[in-house]
Amino acid sequence: MYTVSRHGALFAALLTTSFAITGCKRNEPTPAPAPQAATSDVVSADAKTAAAQINADFLRTHISTLSADEFEGRAPATAGDVKTRDYLVEQLKQLGLEPGGADGGWQQTFDVVGVEAQMPKQWTFSKDGKQASFKWWDQYIAGSDVQADKAAIKDAEVVFVGYGIQAPEYGWDDFKGKDLKGKILLMLNNDPDWDPALFAGDTRLYYGRWIYKYESAARQGAAGAIIIHTTPSAGYPFQVVQSSWSGPQVELPAGSEPRLQTKAWLTEDAARELVQLSGKDLDQLRNEAKSKDFQPVPLGVKTSLAFTNKITRSTTANVYGVIKGSDPQLASEYVIYTAHHDHLGIGAPDASGDKIYNGAMDNASGTAMVLGIGKAFKALPTPPRRSVMLLFVAAEEQGLLGSKYFAEHPTMPPGKIAANINFDSGNIWGRTKDVTYIGKGKSSLDAVLEAVAATQGRIVLGDQFPDRGSFYRSDQFNFAKIGVPALYTNSGTDFIGKPAGWGREQRENYEKTSYHQPSDQINDSWNFDGMIEDAQLGFWTGLNVANADAMPTWVPGDEFEAARKKALMAGE
(Lines give C-alpha, C1' and ligand atoms only; values in the text may rest on other atoms or scores of the structure.)
Protein backbone atom coordinates (compact mmCIF):
# COMPACT_ATOMS: atom_id res chain seq x y z
CA MET A 1 0.00 0.00 0.00
CA TYR A 2 1.16 3.51 -0.77
CA THR A 3 2.64 5.08 2.37
CA VAL A 4 1.88 8.79 2.27
CA SER A 5 2.98 9.69 5.80
CA ARG A 6 6.42 8.11 5.57
CA HIS A 7 7.16 9.89 2.28
CA GLY A 8 5.87 13.16 3.68
CA ALA A 9 8.14 13.02 6.71
CA LEU A 10 11.24 12.06 4.77
CA PHE A 11 10.87 14.69 2.09
CA ALA A 12 9.80 17.44 4.42
CA ALA A 13 13.22 16.94 5.94
CA LEU A 14 14.94 16.94 2.56
CA LEU A 15 13.07 20.05 1.45
CA THR A 16 13.96 22.04 4.55
CA THR A 17 17.56 21.05 5.27
CA SER A 18 18.78 23.31 2.46
CA PHE A 19 17.91 26.43 4.44
CA ALA A 20 19.98 26.35 7.59
CA ILE A 21 22.35 29.00 6.20
CA THR A 22 21.35 32.63 5.73
CA GLY A 23 22.92 35.96 4.88
CA CYS A 24 23.80 35.27 1.23
CA LYS A 25 24.34 38.09 -1.21
CA ARG A 26 22.02 38.50 -4.14
CA ASN A 27 22.91 36.16 -7.04
CA GLU A 28 25.25 34.26 -4.73
CA PRO A 29 22.83 31.74 -3.22
CA THR A 30 24.03 29.25 -0.68
CA PRO A 31 24.47 25.90 -2.45
CA ALA A 32 22.02 23.25 -1.32
CA PRO A 33 23.79 20.61 0.80
CA ALA A 34 24.19 17.02 -0.26
CA PRO A 35 21.02 15.00 0.28
CA GLN A 36 20.55 12.42 2.95
CA ALA A 37 21.35 8.89 1.92
CA ALA A 38 18.62 7.33 -0.16
CA THR A 39 16.33 4.92 1.64
CA SER A 40 13.60 2.54 0.60
CA ASP A 41 11.12 5.30 1.47
CA VAL A 42 12.29 7.43 -1.46
CA VAL A 43 10.52 5.30 -4.08
CA SER A 44 7.87 2.94 -2.77
CA ALA A 45 6.91 -0.38 -4.32
CA ASP A 46 3.65 1.16 -5.55
CA ALA A 47 5.56 4.06 -7.15
CA LYS A 48 7.92 1.62 -8.90
CA THR A 49 4.99 -0.39 -10.23
CA ALA A 50 3.24 2.76 -11.47
CA ALA A 51 6.42 3.99 -13.19
CA ALA A 52 6.40 0.88 -15.39
CA GLN A 53 3.58 2.57 -17.31
CA ILE A 54 6.31 4.70 -18.89
CA ASN A 55 7.80 2.43 -21.53
CA ALA A 56 9.32 2.58 -24.98
CA ASP A 57 6.16 1.61 -26.85
CA PHE A 58 4.17 4.36 -25.14
CA LEU A 59 6.78 7.03 -25.80
CA ARG A 60 7.42 5.94 -29.38
CA THR A 61 3.72 5.96 -30.24
CA HIS A 62 3.12 9.52 -29.07
CA ILE A 63 6.36 10.91 -30.46
CA SER A 64 5.73 9.30 -33.84
CA THR A 65 2.22 10.72 -33.95
CA LEU A 66 3.04 14.25 -32.85
CA SER A 67 6.06 14.54 -35.15
CA ALA A 68 4.33 13.08 -38.20
CA ASP A 69 4.03 15.23 -41.32
CA GLU A 70 0.25 15.35 -40.81
CA PHE A 71 0.86 17.65 -37.82
CA GLU A 72 2.73 20.08 -40.10
CA GLY A 73 5.43 20.92 -37.55
CA ARG A 74 2.94 22.11 -34.89
CA ALA A 75 3.51 25.85 -35.38
CA PRO A 76 1.26 28.09 -33.25
CA ALA A 77 -2.08 29.20 -34.68
CA THR A 78 -1.97 26.74 -37.60
CA ALA A 79 -3.99 23.70 -38.57
CA GLY A 80 -1.18 21.57 -37.14
CA ASP A 81 -1.46 23.42 -33.85
CA VAL A 82 -5.20 22.71 -33.62
CA LYS A 83 -4.61 19.05 -34.49
CA THR A 84 -1.93 18.82 -31.78
CA ARG A 85 -4.13 20.35 -29.11
CA ASP A 86 -7.09 18.14 -30.00
CA TYR A 87 -4.83 15.10 -29.80
CA LEU A 88 -3.52 16.06 -26.36
CA VAL A 89 -7.00 16.71 -25.01
CA GLU A 90 -8.07 13.27 -26.17
CA GLN A 91 -5.04 11.67 -24.51
CA LEU A 92 -5.76 13.42 -21.21
CA LYS A 93 -9.34 12.21 -21.34
CA GLN A 94 -8.22 8.64 -22.03
CA LEU A 95 -5.81 8.79 -19.10
CA GLY A 96 -8.68 9.77 -16.82
CA LEU A 97 -7.58 13.29 -15.88
CA GLU A 98 -9.99 16.11 -15.17
CA PRO A 99 -10.03 19.37 -17.16
CA GLY A 100 -7.46 21.89 -15.93
CA GLY A 101 -9.52 25.03 -16.48
CA ALA A 102 -11.54 26.61 -13.74
CA ASP A 103 -14.44 26.66 -16.22
CA GLY A 104 -14.10 22.94 -16.88
CA GLY A 105 -12.14 23.46 -20.08
CA TRP A 106 -9.17 21.50 -21.37
CA GLN A 107 -7.55 24.45 -23.12
CA GLN A 108 -6.38 27.87 -22.00
CA THR A 109 -6.85 29.94 -25.13
CA PHE A 110 -5.00 33.20 -25.68
CA ASP A 111 -4.56 35.71 -28.49
CA VAL A 112 -1.43 35.81 -30.59
CA VAL A 113 -0.22 38.09 -33.34
CA GLY A 114 1.74 36.75 -36.30
CA VAL A 115 4.26 39.16 -37.80
CA GLU A 116 5.91 38.13 -41.07
CA ALA A 117 8.41 40.77 -42.13
CA GLN A 118 9.24 41.20 -45.80
CA MET A 119 12.89 42.16 -45.40
CA PRO A 120 14.96 43.61 -48.27
CA LYS A 121 17.44 41.30 -49.98
CA GLN A 122 20.26 43.63 -48.93
CA TRP A 123 20.81 45.91 -45.97
CA THR A 124 23.15 48.79 -46.72
CA PHE A 125 25.23 50.90 -44.33
CA SER A 126 27.22 53.98 -45.34
CA LYS A 127 29.85 56.44 -44.14
CA ASP A 128 31.70 59.19 -45.98
CA GLY A 129 30.58 57.91 -49.37
CA LYS A 130 31.58 54.31 -48.69
CA GLN A 131 29.08 51.48 -48.29
CA ALA A 132 28.81 47.97 -46.93
CA SER A 133 25.84 45.83 -47.95
CA PHE A 134 24.80 42.56 -46.38
CA LYS A 135 22.69 39.81 -47.92
CA TRP A 136 19.49 38.62 -46.33
CA TRP A 137 19.74 35.06 -45.01
CA ASP A 138 23.46 34.59 -45.66
CA GLN A 139 24.73 37.58 -43.67
CA TYR A 140 21.82 39.15 -41.83
CA ILE A 141 18.55 37.99 -40.38
CA ALA A 142 16.00 40.47 -39.08
CA GLY A 143 12.39 40.85 -38.12
CA SER A 144 9.93 43.45 -37.01
CA ASP A 145 9.45 44.36 -33.38
CA VAL A 146 6.29 46.34 -34.12
CA GLN A 147 2.92 44.80 -34.83
CA ALA A 148 2.12 47.15 -37.70
CA ASP A 149 1.85 46.94 -41.47
CA LYS A 150 5.02 48.94 -41.97
CA ALA A 151 8.27 49.58 -40.15
CA ALA A 152 11.06 51.97 -41.05
CA ILE A 153 14.39 53.37 -39.96
CA LYS A 154 15.80 56.49 -41.63
CA ASP A 155 19.40 57.68 -41.42
CA ALA A 156 19.97 56.04 -38.07
CA GLU A 157 23.50 55.96 -36.70
CA VAL A 158 25.02 52.68 -35.55
CA VAL A 159 26.39 52.74 -31.99
CA PHE A 160 28.41 49.88 -30.52
CA VAL A 161 27.13 49.29 -26.97
CA GLY A 162 29.22 46.33 -25.83
CA TYR A 163 26.98 43.70 -24.26
CA GLY A 164 23.98 46.04 -24.05
CA ILE A 165 23.52 45.22 -20.36
CA GLN A 166 22.39 47.21 -17.34
CA ALA A 167 22.96 45.13 -14.19
CA PRO A 168 23.18 47.32 -11.07
CA GLU A 169 23.86 44.33 -8.81
CA TYR A 170 27.15 43.87 -10.69
CA GLY A 171 27.87 47.58 -11.04
CA TRP A 172 27.55 47.18 -14.82
CA ASP A 173 25.99 49.67 -17.24
CA ASP A 174 26.93 49.58 -20.90
CA PHE A 175 24.86 52.66 -21.74
CA LYS A 176 26.22 55.18 -19.19
CA GLY A 177 23.23 57.46 -19.60
CA LYS A 178 23.98 58.29 -23.23
CA ASP A 179 21.14 59.42 -25.48
CA LEU A 180 20.54 56.46 -27.79
CA LYS A 181 17.09 57.40 -29.06
CA GLY A 182 16.64 56.55 -32.71
CA LYS A 183 20.00 54.77 -32.94
CA ILE A 184 20.86 51.27 -34.15
CA LEU A 185 22.60 49.46 -31.30
CA LEU A 186 25.26 46.95 -32.28
CA MET A 187 25.92 44.54 -29.43
CA LEU A 188 27.77 41.41 -28.45
CA ASN A 189 25.94 38.20 -27.67
CA ASN A 190 26.10 36.48 -24.24
CA ASP A 191 27.15 38.28 -21.05
CA PRO A 192 30.60 38.88 -19.55
CA ASP A 193 31.90 35.36 -18.94
CA TRP A 194 35.56 35.67 -18.00
CA ASP A 195 35.22 36.31 -14.24
CA PRO A 196 33.18 34.05 -11.87
CA ALA A 197 32.48 37.14 -9.77
CA LEU A 198 30.76 38.78 -12.73
CA PHE A 199 27.52 37.37 -14.19
CA ALA A 200 28.28 33.86 -12.81
CA GLY A 201 31.31 33.38 -15.04
CA ASP A 202 30.68 31.00 -17.93
CA THR A 203 27.10 30.33 -16.80
CA ARG A 204 24.89 32.42 -19.06
CA LEU A 205 22.32 34.49 -17.19
CA TYR A 206 19.21 36.14 -18.58
CA TYR A 207 21.39 39.16 -19.36
CA GLY A 208 23.05 37.03 -22.04
CA ARG A 209 19.82 36.02 -23.78
CA TRP A 210 18.86 37.66 -27.07
CA ILE A 211 15.39 38.47 -25.75
CA TYR A 212 16.91 40.56 -22.96
CA LYS A 213 19.15 42.42 -25.39
CA TYR A 214 16.32 43.53 -27.65
CA GLU A 215 14.26 44.53 -24.61
CA SER A 216 17.25 46.45 -23.25
CA ALA A 217 17.74 48.30 -26.53
CA ALA A 218 14.05 49.20 -26.69
CA ARG A 219 14.24 50.68 -23.18
CA GLN A 220 16.91 53.07 -24.49
CA GLY A 221 14.54 54.30 -27.20
CA ALA A 222 16.65 52.76 -29.95
CA ALA A 223 15.23 52.32 -33.44
CA GLY A 224 16.82 48.91 -33.83
CA ALA A 225 19.32 46.45 -32.42
CA ILE A 226 21.79 44.12 -34.08
CA ILE A 227 23.31 41.16 -32.23
CA ILE A 228 26.65 39.89 -33.50
CA HIS A 229 26.34 36.13 -33.91
CA THR A 230 29.11 33.68 -33.16
CA THR A 231 28.47 30.02 -32.49
CA PRO A 232 30.26 30.08 -29.09
CA SER A 233 28.43 33.17 -27.89
CA ALA A 234 25.00 31.99 -29.08
CA GLY A 235 25.38 28.31 -28.25
CA TYR A 236 24.18 27.34 -31.73
CA PRO A 237 25.17 27.99 -35.38
CA PHE A 238 23.77 30.78 -37.54
CA GLN A 239 21.55 28.18 -39.21
CA VAL A 240 19.44 28.08 -36.04
CA VAL A 241 18.87 31.83 -36.29
CA GLN A 242 17.87 31.41 -39.92
CA SER A 243 15.36 28.63 -39.30
CA SER A 244 13.95 30.12 -36.11
CA TRP A 245 13.40 33.56 -37.62
CA SER A 246 11.95 32.54 -40.97
CA GLY A 247 8.22 32.73 -41.56
CA PRO A 248 5.69 34.40 -39.26
CA GLN A 249 6.94 35.28 -35.79
CA VAL A 250 4.21 34.75 -33.24
CA GLU A 251 3.90 37.10 -30.27
CA LEU A 252 1.47 38.05 -27.57
CA PRO A 253 -0.44 41.24 -28.45
CA ALA A 254 1.69 44.33 -27.84
CA GLY A 255 1.09 46.31 -24.68
CA SER A 256 2.55 49.62 -23.59
CA GLU A 257 6.13 48.34 -23.51
CA PRO A 258 8.76 50.13 -25.65
CA ARG A 259 9.54 48.43 -28.95
CA LEU A 260 12.17 48.61 -31.67
CA GLN A 261 11.44 49.01 -35.36
CA THR A 262 13.67 46.04 -36.14
CA LYS A 263 15.60 43.38 -34.22
CA ALA A 264 18.41 41.78 -36.16
CA TRP A 265 21.41 39.46 -36.27
CA LEU A 266 24.64 39.80 -38.23
CA THR A 267 27.21 37.08 -38.82
CA GLU A 268 30.56 37.81 -37.24
CA ASP A 269 32.20 38.39 -40.62
CA ALA A 270 29.49 40.86 -41.62
CA ALA A 271 29.77 42.67 -38.29
CA ARG A 272 33.52 42.90 -38.74
CA GLU A 273 33.02 44.50 -42.16
CA LEU A 274 30.45 46.93 -40.72
CA VAL A 275 32.83 48.04 -37.99
CA GLN A 276 35.70 48.39 -40.50
CA LEU A 277 33.51 50.80 -42.47
CA SER A 278 33.73 53.08 -39.43
CA GLY A 279 37.52 52.84 -39.34
CA LYS A 280 37.50 50.74 -36.19
CA ASP A 281 38.35 47.13 -35.36
CA LEU A 282 35.80 44.67 -33.97
CA ASP A 283 38.31 42.81 -31.81
CA GLN A 284 39.46 46.06 -30.23
CA LEU A 285 35.86 47.03 -29.48
CA ARG A 286 35.29 43.60 -27.93
CA ASN A 287 38.24 44.14 -25.61
CA GLU A 288 37.01 47.59 -24.62
CA ALA A 289 33.58 46.10 -23.83
CA LYS A 290 35.13 43.88 -21.14
CA SER A 291 35.47 46.81 -18.75
CA LYS A 292 32.87 48.28 -16.40
CA ASP A 293 34.16 51.65 -17.60
CA PHE A 294 33.10 50.94 -21.19
CA GLN A 295 31.30 53.80 -22.93
CA PRO A 296 29.07 53.47 -26.02
CA VAL A 297 31.04 53.97 -29.24
CA PRO A 298 29.29 55.91 -32.05
CA LEU A 299 30.51 54.43 -35.33
CA GLY A 300 29.48 57.30 -37.58
CA VAL A 301 27.88 54.70 -39.86
CA LYS A 302 24.30 55.34 -40.90
CA THR A 303 21.58 53.18 -42.36
CA SER A 304 17.98 53.28 -43.53
CA LEU A 305 15.63 50.34 -43.69
CA ALA A 306 11.99 50.08 -44.72
CA PHE A 307 9.86 46.97 -44.93
CA THR A 308 6.30 45.77 -44.75
CA ASN A 309 4.78 43.24 -42.39
CA LYS A 310 2.04 40.73 -42.97
CA ILE A 311 -0.01 40.82 -39.76
CA THR A 312 -2.33 38.02 -38.71
CA ARG A 313 -4.32 37.81 -35.51
CA SER A 314 -5.35 34.43 -34.19
CA THR A 315 -5.37 32.23 -31.11
CA THR A 316 -3.49 29.27 -29.74
CA ALA A 317 -3.82 27.49 -26.42
CA ASN A 318 -2.16 25.70 -23.57
CA VAL A 319 -3.63 22.26 -22.87
CA TYR A 320 -4.04 21.05 -19.29
CA GLY A 321 -5.49 18.31 -17.16
CA VAL A 322 -5.37 17.65 -13.42
CA ILE A 323 -5.29 14.82 -10.94
CA LYS A 324 -6.92 16.01 -7.74
CA GLY A 325 -4.94 15.55 -4.54
CA SER A 326 -6.11 13.17 -1.83
CA ASP A 327 -5.31 15.38 1.20
CA PRO A 328 -8.09 17.92 1.91
CA GLN A 329 -5.53 20.28 3.44
CA LEU A 330 -3.07 20.12 0.53
CA ALA A 331 -5.22 19.40 -2.53
CA SER A 332 -5.37 23.12 -3.36
CA GLU A 333 -1.60 23.05 -3.92
CA TYR A 334 -0.17 21.78 -7.21
CA VAL A 335 2.86 20.16 -8.73
CA ILE A 336 2.81 21.25 -12.37
CA TYR A 337 4.54 19.24 -15.09
CA THR A 338 5.20 21.14 -18.30
CA ALA A 339 6.30 20.40 -21.85
CA HIS A 340 5.83 22.64 -24.86
CA HIS A 341 3.70 21.11 -27.60
CA ASP A 342 4.71 23.47 -30.42
CA HIS A 343 7.55 23.52 -32.93
CA LEU A 344 8.46 25.59 -36.00
CA GLY A 345 5.88 24.40 -38.52
CA ILE A 346 6.59 24.65 -42.24
CA GLY A 347 9.60 26.71 -43.28
CA ALA A 348 12.56 26.96 -45.61
CA PRO A 349 13.38 23.61 -47.23
CA ASP A 350 16.59 21.77 -46.43
CA ALA A 351 18.95 20.28 -49.01
CA SER A 352 16.56 17.36 -49.58
CA GLY A 353 13.60 19.64 -50.13
CA ASP A 354 11.93 18.78 -46.83
CA LYS A 355 10.25 21.87 -45.38
CA ILE A 356 8.33 20.37 -42.43
CA TYR A 357 10.10 20.99 -39.13
CA ASN A 358 8.75 17.92 -37.34
CA GLY A 359 10.30 18.56 -33.93
CA ALA A 360 10.47 14.93 -32.81
CA MET A 361 13.06 15.44 -30.11
CA ASP A 362 12.11 19.09 -29.65
CA ASN A 363 9.60 18.63 -28.19
CA ALA A 364 7.34 15.72 -29.11
CA SER A 365 9.62 13.70 -26.82
CA GLY A 366 9.04 15.92 -23.78
CA THR A 367 5.31 15.96 -24.48
CA ALA A 368 5.25 12.16 -24.58
CA MET A 369 7.23 11.97 -21.34
CA VAL A 370 4.70 14.14 -19.53
CA LEU A 371 1.83 12.04 -20.88
CA GLY A 372 3.67 8.98 -19.56
CA ILE A 373 4.07 10.61 -16.17
CA GLY A 374 0.33 11.28 -16.13
CA LYS A 375 -0.31 7.63 -16.88
CA ALA A 376 1.98 6.64 -14.02
CA PHE A 377 0.17 8.91 -11.56
CA LYS A 378 -3.16 7.41 -12.55
CA ALA A 379 -1.74 3.93 -11.90
CA LEU A 380 -1.07 4.70 -8.23
CA PRO A 381 -3.50 3.05 -5.79
CA THR A 382 -3.93 6.40 -4.02
CA PRO A 383 -3.51 9.87 -5.57
CA PRO A 384 -0.76 12.03 -4.04
CA ARG A 385 -1.63 14.49 -1.30
CA ARG A 386 -1.22 17.55 -3.51
CA SER A 387 -2.88 17.90 -6.88
CA VAL A 388 -0.91 17.35 -10.09
CA MET A 389 -1.36 19.28 -13.32
CA LEU A 390 -0.08 18.22 -16.73
CA LEU A 391 0.38 21.45 -18.68
CA PHE A 392 1.31 21.39 -22.36
CA VAL A 393 2.26 24.95 -23.21
CA ALA A 394 2.05 26.65 -26.58
CA ALA A 395 4.46 28.84 -28.54
CA GLU A 396 7.62 28.07 -26.58
CA GLU A 397 9.71 28.37 -29.72
CA GLN A 398 8.41 31.91 -30.20
CA GLY A 399 9.69 33.11 -26.83
CA LEU A 400 8.09 30.97 -24.09
CA LEU A 401 4.72 32.57 -24.80
CA GLY A 402 2.41 29.83 -23.52
CA SER A 403 4.12 29.49 -20.16
CA LYS A 404 4.32 33.28 -19.93
CA TYR A 405 0.58 33.51 -20.45
CA PHE A 406 -0.11 30.80 -17.88
CA ALA A 407 2.21 32.44 -15.36
CA GLU A 408 0.36 35.72 -15.83
CA HIS A 409 -3.06 33.99 -15.76
CA PRO A 410 -2.61 30.93 -13.53
CA THR A 411 -5.59 28.79 -12.63
CA MET A 412 -4.43 28.83 -9.01
CA PRO A 413 -2.54 31.41 -6.92
CA PRO A 414 1.23 31.21 -7.62
CA GLY A 415 1.79 30.64 -3.92
CA LYS A 416 -0.20 27.42 -4.27
CA ILE A 417 2.12 26.00 -6.93
CA ALA A 418 4.54 23.77 -5.03
CA ALA A 419 6.89 23.18 -7.95
CA ASN A 420 7.21 23.12 -11.71
CA ILE A 421 8.93 20.16 -13.38
CA ASN A 422 9.70 20.85 -17.02
CA PHE A 423 10.62 18.50 -19.88
CA ASP A 424 12.16 19.80 -23.08
CA SER A 425 13.87 17.37 -25.49
CA GLY A 426 14.28 13.84 -24.17
CA ASN A 427 17.33 11.59 -24.20
CA ILE A 428 17.45 9.54 -27.43
CA TRP A 429 20.87 7.95 -26.94
CA GLY A 430 20.53 5.51 -24.01
CA ARG A 431 21.02 5.20 -20.27
CA THR A 432 23.40 7.44 -18.37
CA LYS A 433 25.23 7.29 -15.06
CA ASP A 434 24.31 10.92 -14.45
CA VAL A 435 21.48 13.36 -14.95
CA THR A 436 21.84 17.03 -15.83
CA TYR A 437 19.88 19.41 -13.63
CA ILE A 438 19.48 22.86 -15.14
CA GLY A 439 19.32 25.22 -12.17
CA LYS A 440 21.14 23.01 -9.66
CA GLY A 441 21.95 24.88 -6.48
CA LYS A 442 18.95 27.21 -6.67
CA SER A 443 16.32 25.45 -4.55
CA SER A 444 15.59 22.67 -2.07
CA LEU A 445 14.48 20.55 -5.02
CA ASP A 446 18.17 19.60 -5.30
CA ALA A 447 17.91 17.30 -2.30
CA VAL A 448 14.76 15.61 -3.54
CA LEU A 449 16.12 15.00 -7.03
CA GLU A 450 19.46 13.71 -5.74
CA ALA A 451 17.81 11.27 -3.35
CA VAL A 452 15.55 9.91 -6.09
CA ALA A 453 18.36 9.73 -8.64
CA ALA A 454 20.42 7.70 -6.17
CA THR A 455 17.78 4.97 -6.29
CA GLN A 456 18.56 4.71 -10.02
CA GLY A 457 22.28 4.55 -9.30
CA ARG A 458 22.76 7.98 -10.87
CA ILE A 459 24.42 11.19 -9.76
CA VAL A 460 23.02 14.67 -10.35
CA LEU A 461 25.26 17.21 -12.07
CA GLY A 462 24.71 20.84 -12.86
CA ASP A 463 24.33 22.21 -16.36
CA GLN A 464 26.92 20.51 -18.59
CA PHE A 465 26.62 23.34 -21.12
CA PRO A 466 26.38 26.40 -18.82
CA ASP A 467 27.22 28.80 -21.62
CA ARG A 468 23.90 27.99 -23.34
CA GLY A 469 21.82 29.77 -20.69
CA SER A 470 19.36 26.88 -20.70
CA PHE A 471 17.57 27.86 -17.48
CA TYR A 472 16.33 31.03 -19.20
CA ARG A 473 15.50 29.30 -22.49
CA SER A 474 12.72 26.94 -21.47
CA ASP A 475 9.33 27.18 -19.83
CA GLN A 476 10.34 26.70 -16.21
CA PHE A 477 11.81 30.21 -16.36
CA ASN A 478 8.36 31.80 -16.42
CA PHE A 479 7.34 29.79 -13.35
CA ALA A 480 10.51 30.85 -11.56
CA LYS A 481 9.71 34.49 -12.33
CA ILE A 482 6.48 34.20 -10.33
CA GLY A 483 8.40 32.50 -7.52
CA VAL A 484 7.73 28.82 -8.21
CA PRO A 485 10.71 26.51 -7.49
CA ALA A 486 11.43 24.91 -10.84
CA LEU A 487 13.12 21.71 -11.90
CA TYR A 488 14.41 21.21 -15.43
CA THR A 489 16.43 18.08 -16.09
CA ASN A 490 18.22 17.05 -19.24
CA SER A 491 19.95 13.92 -20.36
CA GLY A 492 23.24 13.18 -18.69
CA THR A 493 26.47 13.01 -20.66
CA ASP A 494 28.12 9.92 -19.11
CA PHE A 495 26.49 7.15 -21.16
CA ILE A 496 26.72 3.58 -19.94
CA GLY A 497 29.03 1.51 -22.13
CA LYS A 498 30.28 4.52 -24.08
CA PRO A 499 33.68 6.24 -23.92
CA ALA A 500 34.22 9.54 -22.14
CA GLY A 501 33.02 12.47 -24.21
CA TRP A 502 30.63 10.39 -26.32
CA GLY A 503 27.52 11.96 -24.81
CA ARG A 504 28.74 15.49 -25.35
CA GLU A 505 29.54 14.60 -28.96
CA GLN A 506 25.98 13.34 -29.51
CA ARG A 507 24.47 16.50 -28.10
CA GLU A 508 26.70 18.79 -30.12
CA ASN A 509 26.11 16.78 -33.30
CA TYR A 510 22.34 17.01 -32.80
CA GLU A 511 22.59 20.78 -32.39
CA LYS A 512 24.63 20.99 -35.58
CA THR A 513 22.61 18.66 -37.80
CA SER A 514 19.05 18.45 -36.46
CA TYR A 515 18.20 21.17 -33.92
CA HIS A 516 15.49 23.38 -35.44
CA GLN A 517 15.86 21.58 -38.76
CA PRO A 518 13.53 19.30 -40.77
CA SER A 519 15.83 16.39 -39.88
CA ASP A 520 14.60 16.38 -36.25
CA GLN A 521 12.58 13.21 -36.88
CA ILE A 522 12.20 9.92 -35.04
CA ASN A 523 14.12 7.01 -36.53
CA ASP A 524 15.28 3.49 -35.71
CA SER A 525 18.50 4.71 -34.08
CA TRP A 526 16.60 6.16 -31.11
CA ASN A 527 17.30 4.40 -27.80
CA PHE A 528 14.46 5.02 -25.36
CA ASP A 529 16.12 3.55 -22.24
CA GLY A 530 17.46 6.89 -21.02
CA MET A 531 14.27 8.74 -21.83
CA ILE A 532 12.31 6.20 -19.77
CA GLU A 533 14.64 6.63 -16.80
CA ASP A 534 14.48 10.42 -17.02
CA ALA A 535 10.67 10.37 -17.13
CA GLN A 536 10.52 7.98 -14.18
CA LEU A 537 12.95 10.22 -12.32
CA GLY A 538 10.63 13.17 -12.92
CA PHE A 539 7.60 11.14 -11.87
CA TRP A 540 9.13 10.00 -8.58
CA THR A 541 10.54 13.44 -7.81
CA GLY A 542 7.20 15.15 -8.37
CA LEU A 543 5.41 12.42 -6.44
CA ASN A 544 7.58 13.05 -3.41
CA VAL A 545 7.10 16.80 -3.66
CA ALA A 546 3.36 16.22 -3.92
CA ASN A 547 3.44 14.13 -0.72
CA ALA A 548 5.85 16.21 1.37
CA ASP A 549 4.56 18.15 4.38
CA ALA A 550 6.27 21.34 3.20
CA MET A 551 6.58 22.92 -0.23
CA PRO A 552 10.02 23.46 -1.82
CA THR A 553 11.77 26.80 -1.38
CA TRP A 554 14.53 28.76 -3.09
CA VAL A 555 17.91 28.95 -1.39
CA PRO A 556 18.38 32.24 0.50
CA GLY A 557 19.58 34.98 -1.81
CA ASP A 558 18.47 33.34 -5.04
CA GLU A 559 17.25 35.72 -7.73
CA PHE A 560 13.70 34.28 -7.49
CA GLU A 561 13.39 34.12 -3.70
CA ALA A 562 11.72 37.53 -3.40
CA ALA A 563 9.04 36.56 -5.92
CA ARG A 564 8.28 33.42 -3.89
CA LYS A 565 7.91 35.36 -0.67
CA LYS A 566 5.57 37.79 -2.41
CA ALA A 567 3.49 34.92 -3.82
CA LEU A 568 3.23 33.17 -0.45
CA MET A 569 2.18 36.38 1.29
CA ALA A 570 -0.47 37.02 -1.35
CA GLY A 571 -1.84 33.52 -0.83
CA GLU A 572 -2.23 33.85 2.93
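Helix 3 (residues 56-66) packs against helix 10 (residues 360-378) in this predicted model, with axes that come within 8 Å and cross at roughly 135°. Helix 3 is therefore oblique to helix 10. Angles under 35 degrees count as roughly parallel, over 145 as roughly antiparallel, 65 to 115 as roughly perpendicular and the rest as oblique. Axes are lines fitted to C-alpha atoms, for helices over the stretch in contact, and angles run from 0 to 180 degrees between N-to-C directions. Helices (H or I, at least four residues) and strands (E, at least two) are DSSP runs numbered from the N terminus. The crossing of helix 3 and helix 10 is right-handed; that is, the near helix is turned clockwise from the far one by less than a right angle.

Helix 3 contributes F58, L59, H62, I63 and L66 to this contact. Helix 10 contributes A360, A364, S365, T367, A368, M369, L371, G372 and K375. Contact means heavy atoms within 4.5 Å. By class, 9 of the residues in the contact of helix 3 with helix 10 are nonpolar, 4 are polar and 1 is charged. Ala, Val, Leu, Ile, Met, Phe, Trp, Tyr, Cys and Pro count as nonpolar, Asp, Glu, Lys and Arg as charged, and the others, Gly among them, as polar.

Residues are numbered from 1 along each chain as its sequence is written, and side-chain values use heavy atoms, with hydrogens and water left out. The model is predicted: local features need pLDDT of at least 70, side-chain atom pairs count only at pLDDT 80 or more, and totals for chains, interfaces and linings use all residues.

Helix 10 also packs against helix 4 (residues 79-95). Their axes come within 10 Å and cross at roughly 15°. Helix 4 and helix 10 are therefore roughly parallel to each other. Their crossing is right-handed. L88, Q91, L92 and L95 of helix 4 meet T367, L371, G374, K375 and K378 of helix 10. This contact has 4 nonpolar, 3 polar and 2 charged residues.

Helix 3 and helix 4 pack with their axes 11 Å apart, at an angle of about 155°. Helix 3 is therefore roughly antiparallel to helix 4. H62, T65 and L66 of helix 3 meet T84, Y87 and Q91 of helix 4. The contact of helix 3 with helix 4 has 2 nonpolar, 4 polar and no charged residues.

Two backbone features were noted. A cis peptide bond joins D362 and N363, with omega about 10°. N363 is in helix 10. F199 is not a glycine, yet has a positive phi of about 50°. F199 lies in the loop between strand 9 (184-188) and helix 5 (210-219). Most residues other than glycine have a negative phi, and most peptide bonds are trans.

The count comes to 3 cavities of 30 Å³ or more. On a 1 Å grid over the protein atoms alone, a cavity is a set of points where a 1.4 Å probe fits but cannot get out; lining residues have an atom within 4 Å of a point. Grid points are joined across faces, edges and corners, and a volume is the space filled by probe spheres set on the points.

The largest cavity holds about 60 Å³ of space. Its lining consists of M369, F423, D424, S425, G426, N427, T489, N490, S491 and D534. Strand 21 (residues 486-491) supplies the largest share of this lining, 3 residues. The lining of the largest cavity has 2 nonpolar, 6 polar and 2 charged residues.

The second largest cavity holds about 40 Å³. N189, R204, G208, R209, W210, A234, Y236, R468 and R473 line it. The lining of the second largest cavity has 3 nonpolar, 2 polar and 4 charged residues.

Conventions: On a 1 Å grid over the protein atoms alone, a cavity is a set of points where a 1.4 Å probe fits but cannot get out, and a pocket is an open set with protein on both sides within 12 Å along at least five of seven lines; lining residues have an atom within 4 Å of a point.
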